[in-house]
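I opened the notebook to record what I looked up in this structure.

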Amino acid sequence: MNNEQFMVLSDVTKVYPMGDTEVHALRGVDLQIQAGEFIAVLGPSGSGKSTVMHILGCLDTPTSGTYHLDDVAIQGLNPNELAEIRNRRIGFVFQSFHLLPRATACENVELPMVFGRVNATDRRFRAKRALEQVGLSHRIRHLPNELSGGERQRVAIARALVNEPSILLADEPTGNLDSHSGAEILAVFEELHAEGRTVILVTHDEMIAQRAHRVIHIFDGKIE
Amino acid sequence: MSSVSHLIRQLRQDRIRIALTLFGIVWGTVSITVLSAFGESVHRALLKGQKGQGSGLVRIAAGVTSRPYAGFPKGRRIGLVRRDGQLIRNKVPEAELACTEFGTTIREIACGERTMSEQIVGVEPAFRDLRSCFPQDGGRFINDLDIRERRRVVFLGNDIKEKLFGGVPAVGQTMRIMNIPFTVIGVMRPKLQLSSYYTVDRDLIFIPASTFENLLGWRYVSGILYRPNDPATGQRTKATIKTLLAARHGYDPHDSRAWNIFDTQEIIEIIDDVGMGMRVFMLLIGALTLIVAGVGVANIMFVLVQDSTRQIGIKMAVGAKPVHILRQYLLEGFTLVLAGGVLGLLFSWVVLLLIRQIPMDNEGLAYLGRPELSLATALIISSVLTLIALAAGFFPARRAASVDPVEALRYE
């Protein structure tokens, strides 16, 4: 692993068609992230910070410019290869949790392993262990709507971690939580960073961004 | 979480929609199955009814020449006689069974006090096998001795026997034809016969051809019946017999008007064609119903895909490849259609079982025969169902797999 340049965005732009017009979400972004960093991407809504996260997380590809993850050119990959990278190397945590509503906590955590060809017994075992890690071993069979916001987000974190990815991407992870639960979740991220993972937090909240070791300001699709 | 448990959750969620769709598939399957089962059974009944008149039977009746021949003008009436039947029996080994037949209506048929007007035929022993006129136990058909001695014996169709004698056993009884006493020697065993020229055999009174000749003083027979030994070479046998008779009666063997030929083999071929056409038609109608139901399933699947757009996005975010999503919805559509198909086949089987319980002693119902689900039909229906299942799942699945994960995660 190249510690100097782990994730590299060079002159990345992203243009979405929106009816007859185009939305320029990113207008030439350069960004280098080293392995093991704890970074906050800070910007107001509509600044393009979510688009940065989608591109870093291989959910989306740049309109122009390049993105190298561990020296692999992401923009040249097909949907199957992108899925493979998301599955093995990246864990997502979203503002609105994005859990499957009709699946139990345990089944939600198992989901990445279903697509990573892990057999059912191992899946169950690893999902339970991940839920223990986030302190939810007593909630394994609950459905998302039977859990509190903080608990749901911890299920989402367990899901993001279960395949042991090196990168954790979180988009406003505390946005739907009260301050107490929010603080707990942030503590979990700090812990994960301490374990050696690269943690990237996307937020509009200056206070939360200050918890990271490096803050990247984004405004109108550009890094300032 | 497997696709199957996901499907079960979806089913619980969309119970009514799913139930209606399933009903469509069940209905489609039942209609295709029952219709084609009926198509087959009607075909079988028609064939059996045709064979009741005699399987592979050919009847030659004399006609009028339409071509001059050997100095004779055209328009000459041909007269076939009993010796022509003997000639065919002796000289055409491909037509082992051959006999001549007289037929007319006689007004003075008397039994006890009653007198009535009935159809009567004069026949030879070969008629029994040619037309499957087998006697009931305790009786016999007309034999060679009856012919030679011009005996006054009578064989009765099973319905005319009821009319003349009611429930009383008829064999050994005496009845009068044109005021001459005849002894009943046998009664026909009931058979299914759906076509005839005088009347169906169960209404006929049979007497020896020689006795008929004497009784009415006829010189010419009404027709000659024969059956080729091998139906495959029936056309050649027919040509041989044509040439033989043309030489004997002095007319052009290619004169098509010199006789009227009634070939049941040709009729059976027509019935086969009609039966095939009917089955294809029934299958087509059934298949259309199924396709409509398949469109319903595809529709439901599109709605399911739409409703679970966000879940598709979530799955893609955690590493689902397009093929994983495709497989899931293909499997869901497939499961739905096949579940409906299996239910439909079971239901059809029960329906056909119940239909077969209805007694078919009525002439009209006899045409329907006994509908059964044949292996061939079941296989055709299964493949049609499988195709529809694949198609109904494929298009929604393809849409699901092509969802953009970023868009899908934003979808509310």
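**Entry 1: the sheet.** I began with an open sheet of 6 strands in chain A, ordered β6-β7-β8-β3-β9-β10, whose pairing is mixed. Strands here are DSSP runs of E of at least two residues, helices are runs of H or I of at least four residues, and both are numbered from the N terminus. Two strands pair if DSSP finds at least two bridges between them. At the edges I found β6 (90-93) and β10 (222-223) of chain A, each of which pairs on one side only.

**Entry 2: what I am reading.** This is a predicted model, in which local features need pLDDT of at least 70 and side-chain atom pairs count only at pLDDT 80 or more, while totals for chains, interfaces and linings use all residues. Residues are numbered from 1 along each chain as its sequence is written, and chains are lettered from A and ligands numbered from 1 in the order in which they are written. The pLDDT is the predictor's confidence in each residue, from 0 to 100. Chain A averages 91, and 98% of its residues score at least 70.

**Entry 3: strand pairs.** In which sense do β7 (residues 167-171) and β8 (residues 198-203) of chain A pair, parallel or antiparallel? They are parallel, over 5 bridges. One bridge joins Leu168(A) to Val199(A) in β8(A). I then looked at β1 (residues 7-18) and β2 (residues 21-33) of chain A, which pair in the antiparallel sense over 10 bridges. These two form a hairpin with 2 residues between them, and Gly19(A) in the turn has a positive phi of about 65 degrees. Met18(A) has Thr21(A) in β2(A) as its bridge partner.

**Entry 4: helices on the sheet.** Chain A has 7 helices and 10 strands. Helix α6 (residues 179-194) of chain A lies across β3, β7 and β8 of chain A, at about 150 degrees to β8(A). For such angles, axes are lines fitted to C-alpha atoms, for helices over the stretch in contact, and the angles run from 0 to 180 degrees between N-to-C directions.

**Entry 5: an enclosed helix.** Why is helix α3 (residues 105-115) of chain A largely enclosed by the rest of the structure? The reason is that 11 of its 11 residues are buried. A residue is buried if 20 or more other C-beta atoms lie within 10 Å of its own, exposed if 12 or fewer, and partly exposed in between, with C-beta atoms placed from the backbone. The buried residues of α3(A) include Glu107(A), Asn108(A) and Phe115(A). Their cover includes α2 (79-89), α4 (120-133) and α5 (149-161) of chain A, and α10 and α11 of chain B. Just after α3(A), Arg117(A) takes a positive phi of about 55 degrees. Over chain A, 47% of the 224 residues are buried.

**Entry 6: cores.** A nonpolar core is a set of buried Ala, Val, Leu, Ile, Met, Phe, Trp, Tyr and Cys residues joined through C-beta atoms within 7 Å. The largest has 109 residues, and Val41(A), Ala158(A) and Leu201(A) have the most contacts inside it. Helix α9 (residues 264-307) of chain B gives the most to this core, with 10 residues. Another core lies apart from it, with 52 residues, among them Ile60(B) and Leu245(B).

**Entry 7: where the chains meet.** Two residues are in contact if their C-beta atoms, placed from the backbone, lie within 7 Å. How many residues does each chain put into the contact? Chain A puts in 21 residues and chain B 16 residues. On the side of chain B, α10 (309-317), α11 (322-357) and α14 (405-410) each supply at least two residues, and α10(B) gives the most, with 5 residues.

**Entry 8: two residues of chain B.** Ile358(B) is in the loop between α11 and α12 (363-366) of chain B. I count Ile358(B) as exposed because 11 other C-beta atoms lie within 10 Å. Phe165(B), in helix α6 (residues 158-165) of chain B, is partly exposed, with 18 C-beta neighbours inside 10 Å. The C-alpha atoms of Phe165(B) and Cys111(B) are separated by 7.7 Å, although the two are 54 residues apart along the chain.
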